[in-house]
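User: Could you take me through one part of this model up close? I'd like to look at the place where two of the chains meet.

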Amino acid sequence: MAAGAASGGSATTDTYKEARNWLLLPSWAVLGIFVLAPVCMMLVYSFLTKEFRGGVIWEPSLAAYDQFFFDRGLFGDEPAKIEWTYITIFWRSIWQAGAATLLSLVIGFPTAYFIATRPERVRPFWVFLITIPYWVNLLIRTVSMKFLLRDQGPLNDFLIGTGLIDSPIHIVNTNFAVQLGLFYSYLPFMVLPIYAAVERYNFSLSEAAADLYAPKWVTLRRIVLPAIKPGVIAGCILVFVPSMGSFLAPDLLGGAKNFMIGSLIEEQFKGNAGNWPFGAAASMILLTMVLIILLIFARQQSKAENGGS
Amino acid sequence: MSERMSNAIDVRNAVKRYGDFTALKRISLTIKDNEFFTLLGPSGCGKTTLLRMIAGFEDVTEGEILLYGDEIEKLPPHQRPVNTVFQNYALFPHMTILENVAFGLEMRGKSKSEARTRAGEMLELVQLSQFAARKPSQLSGGQQQRVALARALAPQPKVLLLDEPLSALDLKLRKAMQLELKHLQRETGITFIFVTHDQEEALTMSDRIAVMSAGEMQQLGSPTEIYEQPRNMFVADFIGETNLLEVSVDQVMNGRAVCHLGGGHALTCNSVEGINVGAKVHMSVRPERLFTTDVPVEGEALKGRVVENIFVGTDISTIVDLAEGPQFIVRTSNSERGNKRIFEPGSEIFVNMELGAGRLLVD
Amino acid sequence: MATVNNDIKTYKGFRAITLLCLLVLYAPLVIVTIYSFNASASITNWEGLSFRWYADVFTGPESDKFKVAAFNSFTIAIMAATASTTIATLAATAMVRGGKFKLRTVSFGLISLPLMVPEIVTAVATLIFFNSIGFTRGYLTILVAHIAFCIPFAYLPISARMQGIEDSFEQAAMDLYATKRQAFTKVLMPLMAPGIISGFLLAFIVSLDDFIITNFVKGAGVETLPTAIFGSVKQGIKPNIMAISTMLLSFSIVMVTISYFVSKSDNTK
C-alpha cells in the first residue's frame, strides 16, 4: 500500500533520521580530507612549476600540460608541434585496456552465463570460485603469471615436453602478456555484473522465442543479449577503467616497450628524474577520461532504467 | 471512570501527508475500551498508516491521538503503552522464542528472571511452551504468529494493534486463528485494533468496523450495520456481493421509495434521507435477498431469463437478464434447494425481492 | 520438464570456456605454490620437495626485512580495517536508515570515490596532499591512506546487509519499549554482524594487498609486504618470494572463505 511504500519498504527507512549527520560525519571527514582534498590538491599541483629534485615550486605554470601535448624542441624555442610521445602512451593504454576488456568479455560472458544457469543452490559456490583469485594480492598474481609464462617457465616447459613446440614461445614482454595480466587482474568485474543480469533474466522469454521457432543462438543474440545488455556494459566499464590506469601488469609483464599511463605517472614521482606537475597533469588527464566514461555510462544506465519498463 | 476515560483511543482530525500525497484525510474516530475494532479497506486506503500512527511509527501531520484520555501523538513508540503484532511478525531472528517474548518486559525494567517467568506464562497461554528455546526460523508460520501475539501481549499493553496478522496464513489456519484471536481478546480484556483488507475476516471477528477508502472513513458501525445498511456505493460494493443498479426514483412515501430500473421494471425499496422524486441514484440489493419463481409471487416480480447457474459450494448463483433491463445475480443457499427451485439456463422466470431488501445509496 | 528447461538455457561450449577460465585463474597460483616447495635454488629446475625456502623466509638473509614488512602490513591492516569498518557502519546506518535527504547522493558519491578514481591517481593525489601539508611520509601516512580507501570496501557489504534487514525488527523493538539506542544495539547490530564481519575482512584484505597507494605514500625505509616483495621481484623472481607469496595467498584465501561462509549464514531467516 501507499503508506507501506513510503515508510515500510526495506530500501530506505528513517529510523535514525535525527542522528544522520553525526553518523555521516566520520566518513565525510576522512574521505573529504584524505581523498577529495588530495584530488583537488593534485589539480593545483598540475598547474605549478616543477622542482628539479621532486616536488614543486609554488609558481603557477602551464608547463606540465604544455609538455604533455606540445613539442617545442630541446630548448623550448622552436615552433610548437604536437608531441606524440605521451599521446601515444595514452593511446596504447586505451588500446591495451580495450583488448583486455574484449578478452575478458569473450571468456567472462560464457562463464557468467554458465554460472547463472546452474541450480540456484550451487550458484554462490561458482561465484565464489571465480572471485577467490581476485582476493589474492594483485602483485602476487601478476608475479605468478610472469613466473608461469616465462621463456623457461612451466608453460613453455610443458609445451616443449609434450612436443607441441620446439623452442619456447616468447610471451612475457609482449602486448599479449599485458592483456593477459589485465584479464587476470579484473576478470571478476566482468563476470559479476553479467552474472547478476543473467540471473534476473526471465528464461520464459527464451522459451517463448524457442516456441516461435528461433534457433538457440538466435535466441541468445536477439532475446537474451538485449535483456542483459546493461550488465554487459557495466562489466566492460569495470574492466576497462582500472585497466587503463593499471601499473603492475604493464610494469611486470610488459617491459619497457609496452609502457602505459600508470608507469608514466609512477616515473614522475620516483627518484630525481621526476616531474611532479607533469605527473599530476597526466593523472588529471587520466582522471578526466575515466570520469567522462563513468558519466556517459551512468547516463545510459539511468536512461535504460527509466525507459526500460 | 469518566465517560471520556472509557474511550481507548480517540483519533481527532488526524491528517497524514507524504509530500504532496495525502494518505489520511482528516480522520476522527473513537475506539471504546475492551472493543475488538477493525480497520477495513483495500490496499492503499490508509488503514495501516492510521495503525502505525497510533503505534508511533508515523508522525501525525495534523490532529491528535488520545490513549485513555492522554495525548500520545508526540511520544516515541517506546513510550506508548500499546503493542503491535506485525504483518510479517518481525520476530527477532537472533533471539529464542522465550527471549523474544521477554524482550518487552525487560525493556520495561523487569528483571531478567521476572521477565522470563512471565514470558513462559504467555507461551503457555498460546500453547507454545515446548518451543521456548527454539529460534523463530524453526517454527511454522502459524506458530510464529502465536509467538508474535504472545510477545505483544506480554507487557500487558493498553491497546493491542494487529497489522494484517493473518494474511500470511493458509485459509484453514486463518479461520482457526480468527477464533483464537477473538477468544484471547475476551479473555485478556484488552482493546484490539485489527487491520485487514479481508471483509469476511472483519465481519467474523469485530465488534465494530471502520470501512476506509482513499484515506477517508466511509462508514463506521457494527458488522450487521455495515453489511445490511451500507451507507454508500463503496461500502455496498466492498462488503460482500451485491447487485448495484442505477435507478430513478418515482415516488417516496413512508420511508419507502418506488424506483424505476429501465425496461419498464420497478421496485420498492427502503429510502434514505435526502432522496427526492426524480433523483437518479444507486440501489443495492444482496443476491441472497432475491429469489426466482416461474410465476410472479406479487406485483413487483421482474420478468427475466436465466443466463447461467454457477455452483459455488454452499450456494448457487444464478445470473438473470431482465428483459431490456439490468442483469441480476440471485443466490440460493444449497440448504434451501428443497423449497426453492433452480431453473435451467434459458428459462423464462421472475425475480422477486424480499420486502425491504433493496437499499438506496447516496454516493 | 526440468531437462527441457535446461536445454533452452544451456549453450554448448560455455561449460568448456568456464573451465578454461578457472584454469587460467588458478594455474598461476597453483604453479607458484608448487614451486615454492622446490629444493632447488634455481626457479627453473625441479629438484624435489623441500621446505627450504619457507625456512629461508624466516631465517634467511632477507628475513629481517620481511619480518618488519609483515609486522607493518598486519598492524596497518588491522587498524585500517577496524577504523574503516566503524566509519562505514555509521555511514551505512545514516544512508540506509536515515530516510531521504538532500546530500544522500553526494554522500554516496563521496563514499564510493576511492572505487571510481583510478588507484594510481589516488596514490598520486595522496602523496601530493601529504607533501603539500608538510607531513613526513612513513607508517602513519600509509595507515591514514588505507583507512580512507578501505571505507567503500567495508561499506558495500554492510549497507547491502542493512538493506536486507527490514526495519520492522527495530520497530518491533521500539514497540516493545526499547529506545532507539537499545533497538540499535540489541536488535540491529546483532542482525548486522555477518555484514560487519565480512566488511571488516574485505577491508583487511584490501589493506593487506595494497601495493600502488602504499608504494607512493610509504616514504623511504618503511616497507609493507607488497612493497618489499615488489622490490625483490624487480631483481628477478626468487624462490623465497614464492614461499612468501604462497603464505600470503593462502592467508587471503582463508580469510575470503571465512567471509563467504559468514555472509552465507543469514540470521534474519
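Analyst: Let's start at the interface of chain A and chain C, where 15 residue pairs are in polar contact, both residues at pLDDT 80 or more. A polar contact is a pair of N or O atoms within 3.5 Å; within protein, one must be able to donate a hydrogen and the other to accept it, and residues adjacent in sequence count only if both atoms are side-chain atoms. On the chain A side, helix α2 (residues 20–45) gives the largest share of what touches chain C, namely 19 residues. Helices here are DSSP runs of H or I with at least four residues, strands are runs of E with at least two, and both are numbered from the N terminus.

Before we go on, keep in mind that this is a predicted model: local features need pLDDT of at least 70, side-chain atom pairs count only at pLDDT 80 or more, and totals for chains, interfaces and linings use all residues. Residues are numbered from 1 along each chain as its sequence is written, chains are lettered from A and ligands numbered from 1 in the order in which they are written, and side-chain values use heavy atoms, with hydrogens and water left out.

Back to the interface. Chain A puts 91 residues into the contact and chain C puts in 96, where contact means heavy atoms within 4.5 Å. Together the two chains bury about 8,900 Å², with 76% of that on carbon and sulfur atoms. Buried area is the accessible area (1.4 Å probe) that two parts lose on being put together, summed over both. In chain A, the residues losing the most area to chain C are Y16(A), W135(A) and F147(A), together 9% of what that side buries.

What about charges? There are two salt bridges between chain A and chain C; the term means a side-chain nitrogen of Lys or Arg within 4 Å of a carboxyl oxygen of Asp or Glu. D251(A) and K234(C) meet through their side chains in a salt bridge, at 2.7 Å from N to O.

Now a residue in chain C: N38(C) sits in the loop between α2 (14–35) and α3 (52–59). N38(C) counts as buried because its relative accessibility is 2%; buried means under 20% relative accessible area, exposed over 50%, and partly exposed in between (1.4 Å probe, protein chains only). Beyond its neighbours within four places in sequence, N38(C) is in contact with N45(C), W46(C), E47(C), G48(C), S50(C) and W53(C).
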